[in-house]
Amino acid sequence: MAELKYISGFGNECSSEDPRCPGSLPEGQNNPQVCPYNLYAEQLSGSAFTCPRSTNKRSWLYRILPSVSHKPFESIDEGQVTHNWDEVDPDPNQLRWKPFEIPKASQKKVDFGLHTLCGAGDIKSNNGLAIHIFLCNTSMENRCFYNSDGDFLIVPQKGNLLIYTEFGKMLVQPNEICVIQRGMRFSIDVFEETRGYILEVYGVHFELPDLGPIGANGLANPRDFLIPIAWYEDRQVPGGYTVINKYQGKLFAAKQDVSPFNVVAWHGNYTPYKYNLKNFMVINSVAFDHADPSIFTVLTAKSVRPGVAIADFVIFPPRWGVADKTFRPPYYHRNCMSEFMGLIRGHYEAKQGGFLPGGGSLHSTMTPHGPDADCFEKASKVKLAPERIADGTMAFMFESSLSLAVTKWGLKASRCLDENYHKCWEPLKSHFTPNSRNPAEPN
Ligand SMILES: O=C(O)Cc1cc(O)ccc1O
Ligand SMILES: [Fe+2]
């Protein structure tokens, strides 16, 4: 496949025409009486019409048939998708999952298999989030999906995703992420047994974090976000194309006669986009002490309370560790926020073993956690010198101000819960020396 082209920038007002139809964007207006190439004009709103300019999001799509050309939606089996946060009793324990098992293609063909792991809040009032794991082995054939409830931040962990969207095509590989916002139709081709994580936020969109005293540059730079370019197919599938809609947490399907990827041109600031995590410009302590992980925020979905996120997407990228006279791994802590962590590749600096690529952990509101006993012993004794941290690895965190509930699938049906997780802290012992204030010099 020829290399895909993208438009660079975050949240910009963009215009794109499929090169096969030059001039397909109307000039000077959105709704000509007849559009160029006799296309239909359709607006996709990602914010209230009346939002201030800084948060107003919409795009205009010029398409062969409008999205409304479909048979009625019918309810379908939800599988493992849920928004019921009362499925099981609350559990404040530290939870960890072994790598989520991908069904074997030889046993059962699964396309874009969504499994809800945890979440909180309420879809109908547009406030909350869900964390899903996708496990699949087959491309979506004549099937697309859209989410009426919120935005999907997709973190592939194993296998590439070729994502067809109404705005064009994106190839998203492990160590890249993409965001498909509310209402955007997409269909995913996969090439092997494929796994990844999804952070869904209801009613808000992801933004780049403010940089404060960092200044104008750093962390995820806006130009590294990539938006697809217009691409259409005029493909008839009489009665045979299925549009799946997640609406109020339930799944529905509608049949239509054509591919939904029939947008010849579009303009606007409401688009899907992708980002390569290797482009993250890491900022951290160069003197002493451990900076809070918010210094690694890639994207944030803000709540209405200043500084408090519905969810942040945070990464732990390869970097130098140089802090002097410092315990460098993550500190022990209890957090009013909930921390879900995943691992794309390699290992995580606070855990010697047990936290594996494709698995996850959840440290809920105020649940104590921190380095395992091994990590504590080593990091307290090591002679400090500049060192590479996390080379060849990528861990991430979905951190939320909501108190997350785990689903039945998460606790039981996934069969991946690690019953022994708590044991990694059992060997922690007291080093208290009541008669001697000064710690021993590291070797
Ligand atoms: O719990 C974790 O491993 C994530 C984390 C990392 C860090 O460096 C500081 C705080 C924190 O919650
Ligand atoms: Fe933490």
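**Close-up views of a predicted model**

**View 1. Strands β10 and β13 pair in the predicted model.** Strand β10 covers residues 150-158, and strand β13 covers residues 176-180. The two pair in the antiparallel sense, over three bridges. F152 stands opposite I180 of β13.

**View 2. An open sheet of nine strands holds this pair.** The strand order is β1-β16-β20-β13-β10-β15-β8-β7-β28, and the pairing is antiparallel. β1 (6-8) and β28 (405-406) each have a single partner strand, so one side of each is left without a neighbour in the sheet. These two strands stand at the edges.

**View 3. An open sheet of six strands is also antiparallel.** Its order reads β6-β25-β24-β27-β22-β21. The edge strands are β6 (95-97) and β21 (297-302), each pairing on one side only. From one strand to the next, the twist averages 15 degrees.

View 4. Strand β24 spans residues 338-345, and strand β27 spans residues 394-400. Seven bridges join them, and they run antiparallel. E339 has E399 of β27 as its bridge partner.

View 5. The residues around ligand 1 are P293, P330, H333, E339, A350, H363, H369 and M397. By class, the shell divides into four nonpolar residues, three polar and one charged. E339 belongs to this shell. E339 is also the residue whose bridge partner in β27 is E399.

**View 6. Domain 1 meets domain 2.** The domain assignment gives domain 1 as 6-277 and domain 2 as 281-419. Their C-alpha centres lie 27 Å apart. The contact takes 48 residues from domain 1 and 49 residues from domain 2.

**View 7. Strands line the side of domain 1 that touches domain 2.** β6, β7 (114-122), β8 (127-136), β10 and β15 (194-202) each supply at least two residues of this side. β7 gives the largest share, seven residues. The residues of this side of domain 1 divide into 27 nonpolar, 13 polar and eight charged.

**View 8. Confidence of the prediction.** The protein averages a pLDDT of 96. A score of at least 70 is reached by 99% of the residues. For the complex, the predictor gives an ipTM of 0.98 and a pTM of 0.97. Where pLDDT is low, the predicted coordinates should not be read in detail.

Technical notes:
Residues are numbered from 1 along each chain as its sequence is written. Chains are lettered from A and ligands numbered from 1 in the order in which they are written. This is a predicted model: local features need pLDDT of at least 70, side-chain atom pairs count only at pLDDT 80 or more; totals for chains, interfaces and linings use all residues. A residue is near a molecule or strand if its C-beta atom, placed from the backbone, lies within 6 Å of it. Ala, Val, Leu, Ile, Met, Phe, Trp, Tyr, Cys and Pro count as nonpolar, Asp, Glu, Lys and Arg as charged, and the others, Gly among them, as polar. pLDDT is the predictor's confidence in each residue, from 0 to 100. Two strands pair if DSSP finds at least two bridges between them. Helices (H or I, at least four residues) and strands (E, at least two) are DSSP runs, numbered from the N terminus. Axes are lines fitted to C-alpha atoms, for helices over the stretch in contact, and angles run from 0 to 180 degrees between N-to-C directions. Domain bounds come from an automatic or database domain assignment. Two residues are in contact if their C-beta atoms, placed from the backbone, lie within 7 Å.
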